[in-house]
Amino acid sequence: MSSPNYDYLDGNAAAGELSKVFAVDITTAAGRCAECGTTKCLAEAHLYMHGPGLVARCPACEHVLLRLVNVREHMFLDVRGMTYLRLDTSRSEEGS
Amino acid sequence: MWRVGTVVALHDETPTARTITLQVADWPRHVAGQHADVRLTASDGYSAVRSYSIASAPNAEGRVELTVERLPDGEVSPYLTQELAVGDRVELRGPIGGWFVWRSQQTEPIQLIAGGSGIVPLMAMIRSRASASSSALFRLLYSVREPGGVFYRDELQAISDGVDSVTITYAYTRAAPRDWPRPPGRIDASFIAETTWSSKLIPTCYVCGPTSFVESTAALLVACGNRPDKIRTERFGPTGGRR
């Protein structure tokens, strides 16, 4: 899927919302796309924020990597689009 | 975690953009390039959150400067740029993001490329370089519609004139100053090749602006031989601003 409308941001724009869930900034973690195998920093994902939640897509193949949706008092987090997240724990004191 | 910031100064950068200086108790020291979320809550409980890049250099005093561009159909930016007054309080979350950052320990050449209000996090990097007395080689390519749209004009001029300076190139897309050597227009491959660091120096490139600007500029940098893994981007979305 191409994005001729340029209606996405970078994954780093999701860092604030994700900080409600994770103790460290996971936008600096490398995530492996479950579809094409591309492994890139989550900050480099294409982020769509105009739906009811956040959707991060693989910058190489546009496969959905992560979805985060708030429904009343619940937050739904779906990360099945990634086979893993690799976190750098050496800077965990910064930017949280 | 939300903290309360008190507005201590306001400064208009352009007719549509304002720098808001906030004093925030217990604000963690940020890194140049990070952003902060701002939350406004109405008396009926309705709240809106927007993300803005931090313009100030990292400091230990809990001082945070945000430069906000007013968007005509914005929900938050008209309030922040027109209604907010010194002494008012807003809620802040952050600092946020560990990817689009420059740390003073970095010694490689740095190429900054801004489209419009994308200058804000790059200004934090330029200010951080100065406050850390870093001698890292910095170049800034600043694409802006017209001369009146330049943020931080006097400060950038002083930095450009100083010793151990940052080399600054302006690219005007709609209207250029009189006698400007290049007609107004978008940045193209030859302009990138002429005004940015040679890819042989393996610079780290930071590109910030509207999504279409970032897409085209990052592609031009790669076409000029820069490694994709040395290009970091921050996109502001299709409208060139954060709502």
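I began with the confidence of chain A in this predicted model, where strand S1 of chain A has the lowest mean, 85, and strand S2 (residues 30-33) of chain A has the highest, 96. I then noted the figure for the whole of chain A, an average pLDDT of 85, with 89% of the residues scoring at least 70.

Next I looked up where the two chains meet, and found 19 residues of chain A in contact with 20 residues of chain B. On the side of chain A that touches chain B, strand S1 (9-10) and helix H1 (15-18) each supply at least two residues. I sorted that side of chain A by class and wrote down seven nonpolar, seven polar and five charged residues.

I turned to chain B and traced an open sheet of six strands, which has the order S4-S3-S6-S1-S2-S5 and antiparallel pairing. Why is one side of strand S4 (47-53) and of strand S5 (63-69) in chain B left without a neighbour in the sheet? I noted that both strands stand at the edges and have a single partner strand each, so one side of each stays without a neighbour. For the sheet as a whole, I recorded that neighbouring strands are turned by 40 degrees against each other on average, direction ignored.

Methods:
Residues are numbered from 1 along each chain as its sequence is written. Chains are lettered from A and ligands numbered from 1 in the order in which they are written. This is a predicted model: local features need pLDDT of at least 70, side-chain atom pairs count only at pLDDT 80 or more; totals for chains, interfaces and linings use all residues. Two residues are in contact if their C-beta atoms, placed from the backbone, lie within 7 Å. Helices (H or I, at least four residues) and strands (E, at least two) are DSSP runs, numbered from the N terminus. Ala, Val, Leu, Ile, Met, Phe, Trp, Tyr, Cys and Pro count as nonpolar, Asp, Glu, Lys and Arg as charged, and the others, Gly among them, as polar. Two strands pair if DSSP finds at least two bridges between them. Axes are lines fitted to C-alpha atoms, for helices over the stretch in contact, and angles run from 0 to 180 degrees between N-to-C directions. pLDDT is the predictor's confidence in each residue, from 0 to 100.
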